[in-house]
Amino acid sequence: MRYPLAVISLLLLGSPVLADDLDDFIRDQLRKRHVPGLSIAIIQDGKIVKAMAYGFTDKNEKTPLTTATLFQAGSVSKSVAAVGALYLTEAGKLSLDEDVNVKLRTWKVPENEFTKDKKVTLRGLLSHTTGLTVHGFPGYEVGKPIPTVPQILNGATPANTAPVRVDFVPGTRWRYSGGSYTVMQQLVLDVTGKPFPQFMQETVLGPLSMTESTYQQPLPADKAKLTATGYYGDRSEVKGRWHIYPEMAAAGLWTTPSDLARFAIGIQHTFAGEPKAVLSQTMTRQMLTDQKDNDGLGVFLEGEGHTMRFGHNGRDEGFDALLTAGVETGQGVAIMINANDNSRMMGQIVNAVAKHYNWLDYKATKTADRKAVPVEAKTLAAYEGRYEFANNRMITLMAEKNRLVTLVDGFGDEEFVPETPTRFVSVDRDAYLTFTPDATGKITALEWKQDKDERKIPRIGPLFHAPKPGHDTNATRTHQIETALMAMSKGGKAVAETPGITPGARRGFSQGSRSLDSIKSMTFISDDDVKNSGIERHEGKVSQILNYKLVTDTAQQYVIVYLTSDGLVTDYDIVEK
């Protein structure tokens, strides 16, 4: 199905904006990816020069999106929340390098062998260097019990994630942690005595003129009627339209791209020495200083010098967001969609904006005319399949009209055309795929090349074209694997306590994935010995791959299960073909 898209709100400093090539590109991307709606705000010369909305708040196309439609910002919430914590630091109520337990009252970071000599600090919380656990949060269905912040930090009922604890020496390395920002949220609550949404409204959102934004969870009725409906990667609707996030600092901001653009502009202006709205120039410069691995205080950094950019990506259940802006160039963009999309779409839109507005020193990719040679259908079919692009990252290739197309979330993404019968090139970047059959004529891997990145990518297996059930020589394991998969889908205590799962998978699925919510049964199809292929998932070397057909309440699906040599589940992929 294709969803017609409409430009609903066209603004340029209060005046209508004429459609241009950028608009057409965005519409084409949304149609291709079946994304119901997108809202965007573009910054040029330190001002919002274009704010537009495309599509609808829902797949039923009942309500057109406007630039005032609210989206969940996901982890972009962290960048805005960090400014609130830095405000308290400048006010003398917090210290960047003090043990946070000094000011925490309601809950304290549990001491252990890792915190004996090094303590958890606010600087570490904001830069993901504390050693605190819990990568992210799945939120809570509307109508379900909502935990307090201490319950979340302790992993206590009704919290759906594991306890937040230190598991490596603070400051020794970087690891992303939504748990860190939830500790920061509790720290702000204890220091100010104010509800977090009220504190953020008074100190950050209000002063930066982010008039549509709020950290209120759940939303009050007047705000709820302004929201988009969230959709998962398979474009199924989030139950209740969205989830509730009591982890407000980490994932709880409701906002618009225009408000995120105002946030970025506020940072740009303060960095340049203009009168402060929230932070001083000194504190802003510290915020934009690399602490470790290109992470500042609440924002990620890219590039250096005059053209350095800051920003953050975000994902909540059914919503994706992106913010990137030049520190000194006065340029940037904020994009929000009401879907989880795992393709290259958001990056391609940023690339198109950068080219359209001539971003300084931005290495925008350029499309080129590709001349395709004819390739026999049976040869293309032999190249189809799934390949292990990197740890925990698979690419799926499908033959289509004398070319190979990557499938992401079941929809087409990047196209590769044949330069020769064995070498294919992307239509929008200089990326190449080369296939070399083994002595038996079988494709066991492909060679990937992009700039200096050249590597061999092992084949995981073929696409599923109505496969017949196979004979499982170890039938008892199916029940054990199904139990492990359900726990990984749920996350929280389930994945922490269920046997048969690797430690890496327990960490990787700590917040769940909800992808097996509607499963009724699994039917064995086949298994493959891949112990020498080099496939690794969640730090577990894959020795065997099992394929099952799923019976669910929705469309026909398949699950690929990755086992280590000792039979532990270290990952799974849900696919439709």
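This is a predicted model: local features need pLDDT of at least 70, side-chain atom pairs count only at pLDDT 80 or more; totals for chains, interfaces and linings use all residues.
Reader: Is Thr227 buried or exposed?

Author: Buried means under 20% relative accessible area, exposed over 50%, and partly exposed in between (1.4 Å probe, protein chains only). Thr227 has 3% relative accessibility, so Thr227 counts as buried.

Reader: Which residues is Thr227 in contact with?

Author: Contact means heavy atoms within 4.5 Å. Leaving aside neighbours within four places in sequence, Thr227 is in contact with Thr57, Thr69, Leu70, Leu219, Arg241, Trp242 and Trp254.

Reader: Is Arg477 buried or exposed?

Author: Arg477 is buried, because its relative accessible area is 9%.

Reader: Which side chains does the side chain of Arg477 make a polar contact with?

Author: A polar contact is a pair of N or O atoms within 3.5 Å; within protein, one must be able to donate a hydrogen and the other to accept it, and residues adjacent in sequence count only if both atoms are side-chain atoms. The side chain of Arg477 has such a contact with the side chain of Asp472 at 3.1 Å, and another of 3.5 Å joins it to the side chain of Gln544. Not counting residues up to four places away in sequence, Arg477 touches Asp472, Phe524, Asp527, Gln544 and Leu546.

Definitions and conventions: Residues are numbered from 1 along each chain as its sequence is written. Side-chain values use heavy atoms; hydrogens and water are left out.
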